[in-house]
Amino acid sequence: MSQQTEIEFKILLTNDDYNRIVHYYQLQSENFHTQKNCYFDTPDQKLAANHCGLRIRQLASYGELTLKTPEEVGLLETTDQLSAEQTQKFIDQQKILPTGNVANKLRDYNIAAEDLTLFAELTTKRAEFPINEGLLALDESWYSDQHDYELELEVENSKKGKQDFQNLLAKFNLSYKPAENKIVRAAQAQK
């Protein structure tokens, strides 16, 4: 089964802070890729009620169906790889893969793949690269009528990662502003 634990720290950025960090790391347009996230839940929001999130991520040549579920530390990501054709078909039909790792994991929550509906979409221009502290992602995202910037640091160890994240914020003279997960921001923008 394709599963991994995700431990990440994130902060929303201003446009100026985002551009300053892009310049610091000397990122060019070829360092960025675009991805579309399509978020699913049951009509009565069973996943949200269980602090879970489900998305299809559409990239240039393939897609991923990922269910994020809470762990003691971080989130457990259960993923099924999708071909580009499958990805587009499921997005067009506003459905998810009815079999596989994610469908099996959904059963832990008494949810069938058929119970899910698409409720929000978010498009991100992302640069992702390793730094000493972990895997850094710089995102510019668009959803509903919203547009925001975000820095994410994915780490292996929660305690050390938190200190490394605080050091990174200090390095760029950033005041910590908590960032909701993209799925939460996209859902709130729908209201």
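## A buried arginine and its partner

R185 is buried, with a relative accessible area of 7%. The model is a predicted one. R185 sits in helix α6, which spans residues 182-189. Its side chain meets that of E150 in a salt bridge, at 3.2 Å from N to O. E150 belongs to strand β8.

## The salt-bridge network

Salt bridges that share partners join E8, K10, R126, E128, D139, D148, E150, E152, K182 and R185 into one network. The structure holds 18 salt bridges. Side chains of opposite charge can pair when their charged atoms come close.

E152 takes part in two of the bridges described here. One is with K10, where the closest N and O atoms are 3.4 Å apart. This pair links distant parts of the chain: E152 lies in strand β8 (residues 146-155), K10 in strand β1, and 142 residues separate them. Both E152 and K10 are buried. The other bridge joins E152 to R126, at 3.1 Å from N to O. R126 is buried, as is E152.

## Overall fold

The chain has six helices and eight strands. Along the sequence they follow the pattern β-α-β-α-β-β-β-α-α-β-β-β-α-α. The radius of gyration is 17 Å, close to the 16 Å that the globule rule gives for 191 residues, so the chain is as compact as a globular protein of that length. Its C-alpha atoms fill a box of roughly 45 × 35 × 30 Å along the principal axes. Of the 191 residues, 48% are buried.

Helix α6 also holds A189. A189 has a relative accessible area of 22%, and is therefore partly exposed. The cut-off explains the call: buried means under 20%. The C-alpha atoms of A189 and A120 are separated by 8.7 Å. Along the chain, these two residues are 69 residues apart.

## The largest pocket

About 1100 Å³ of space lies in the largest pocket. Its lining counts 49 residues. Nearest the centre are Y39, R55, K68, N181 and I183. By class, the lining divides into 19 nonpolar, 15 polar and 15 charged residues.

## The second largest pocket

The second largest pocket has a volume of about 220 Å³. Its lining is made up of E6, I7, E8, F9, K10, E71, E72, V73, G74, L75, S158 and N181. Strand β1 (residues 3-13) gives the largest share, five residues. The lining divides into four nonpolar, three polar and five charged residues.

## Cysteines

A disulfide is a covalent bond between the sulfur atoms of two cysteines. The structure holds zero disulfides. C38 is in none, and the nearest cysteine sulfur, that of C52, is 19 Å away. Seen from C52, the closest cysteine sulfur is the one in C38, and at 19 Å it is too far for a bond. The cut-off for a disulfide is 2.5 Å between the sulfur atoms.

Both cysteines fall under the 20% limit for burial. C38 counts as buried because its relative accessibility is 0%. C52 counts as buried at 10%.

Conventions: Residues numbered from 1 in each chain as written. Predicted model: local features only at pLDDT ≥ 70, side-chain atom pairs only at ≥ 80, totals over all residues. Heavy atoms only, no water. 1 Å grid on protein atoms, 1.4 Å probe; cavity = no way out; pocket = protein on both sides within 12 Å on 5 of 7 lines; lining within 4 Å. Points joined across faces, edges and corners; volume = space filled by probe spheres on them. Nonpolar A, V, L, I, M, F, W, Y, C, P; charged D, E, K, R; others polar. Helix = DSSP H or I, 4+ residues; strand = E, 2+ residues; numbered from the N terminus. Buried < 20%, exposed > 50% of the residue type's maximum accessible area, 1.4 Å probe, protein only. Salt bridge = Lys/Arg side-chain N within 4 Å of Asp/Glu carboxyl O. Rg over C-alpha atoms; globule rule 2.2 N^0.38 Å.
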